[in-house]
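Here are my notes on the model you sent over. Have it open while you read.

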Amino acid sequence: MAEVKLHNITFGYNNSEMVLSNISFTVQQGEFVVAVGPNGAGKSTLLKIIAGLIEPAAGQVLIDNGSIRSAARQGIMAYVPQHYSQNTAAFPATVEEIVALGFVGMRGRLKAAANKQLVGQMLEMVGAEQLKGRRIGELSGGQQQRVMVARALAGEPRLLLLDEPTSGIDYAASSRIYELLGQLNSTLGITIIMVSHDIENGTRFAAKVACINRHLCFFGDSEEFRSSHASMQHLWYYSGFTG
Ligand SMILES: Nc1ncnc2c1ncn2[C@@H]1O[C@H](COP(=O)(O)OP(=O)(O)OP(=O)(O)O)[C@@H](O)[C@H]1O
């Protein structure tokens, strides 16, 4: 599926202090990468840059060797923002209606395929078909996140970008979301880049880790990140120890 190349990404909000400095790594087609790092490290910012929501001050993102704009035009990627579900909670729509929105093509027209049967299939894929008639605002955090993933899948993305999809969700429900993402990655081959604070589940289901603390501290196999001495130093960063 989609390959993502980051080359020397540098960014600061309002021309102030740099939030990201010279970040370079490549996510291969069909890979599952978890981005970890301390609060304020720039992980969400980097994900927004990959999604094309903000422009880097310097550097380049290539998706399948083309521009982000071209990837967006082709509907290659889907982005699930942080706290998306909370923002949607007050929206008086049913789960079915929310997922159907995922079929809205990039050119603003409903894909002909957007029918109840397909919406049902998406919900089945994330194990949430029994929720289809419920109002989104009535659901638990974990159930809402599943619906958001179903909605993202409706566009048949080759690249799924998720910003902390399990924040505020209990451990068991959060593990089930990781399992779901692991399955989508292995069965559909969707490339996944996910920001997470859950190192345990993140490194269990994602094959690679990008550890970010304004700079790229580590990029490599999850196993290596968990076990190597070098990665422990990055975990020190994680716990706020920088000495
Ligand atoms: N819209 C914005 N305008 C100005 N500064 C911002 C904006 N969004 C984020 N920042 C700042 O940029 C830095 C990086 O923020 P970002 O949200 O990318 O970090 P993060 O690693 O995702 O953090 P967390 O783990 O806490 O979610 C922080 O210092 C934050 O205060």
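The points below go through the domains, the helix packing and the ligand shell.

1. A word on the ground rules. This is a predicted model, where local features need pLDDT of at least 70 and side-chain atom pairs count only at pLDDT 80 or more, while totals for chains, interfaces and linings use all residues. Residues are numbered from 1 along each chain as its sequence is written.

2. Domains. The chain splits into domain 1 (1-76 + 160-243) and domain 2 (80-156), with bounds taken from an automatic or database domain assignment. Across the boundary, 17 residues of domain 1 are in contact with 14 residues of domain 2; contact here has C-beta atoms, placed from the backbone, within 7 Å.

3. The domain 1 side. Helix H2 (68-73), strand E6 (159-163) and helix H7 (171-188) are the elements that give two or more residues to the side touching domain 2. E6 has the largest share of that side, with four residues. Helices (H or I, at least four residues) and strands (E, at least two) are DSSP runs, numbered from the N terminus. By class, that side of domain 1 has nine nonpolar, five polar and three charged residues. Ala, Val, Leu, Ile, Met, Phe, Trp, Tyr, Cys and Pro count as nonpolar, Asp, Glu, Lys and Arg as charged, and the others, Gly among them, as polar.

4. H5 on H6. Helix H5 (residues 116-125) packs on helix H6 (residues 141-154) at about 130 degrees, with axes 9 Å apart. Axes are lines fitted to C-alpha atoms, for helices over the stretch in contact, and angles run from 0 to 180 degrees between N-to-C directions. That angle makes H5 oblique to H6. For these labels, under 35 degrees is roughly parallel, over 145 roughly antiparallel, 65 to 115 roughly perpendicular and the rest oblique. Met122, Leu123 and Met125 of H5 meet Ala150, Leu153 and Ala154 of H6, giving six nonpolar, no polar and no charged residues.

5. H6 on H7. These axes come within 10 Å and cross at roughly 15 degrees, so H6 and H7 are roughly parallel. Gly142, Gln145, Arg146 and Val149 in H6 meet Ala173, Ile177 and Leu180 in H7. This contact divides into four nonpolar, two polar and one charged.

6. Ligand shell. Which residues are around the ligand? They are Tyr13, Val19, Gly37, Asn39, Gly40, Ala41, Gly42, Lys43, Ser44 and Thr45, each with its C-beta atom, placed from the backbone, within 6 Å of the ligand. The shell divides into three nonpolar, six polar and one charged.

Technical notes
Contact = placed C-beta atoms within 7 Å.
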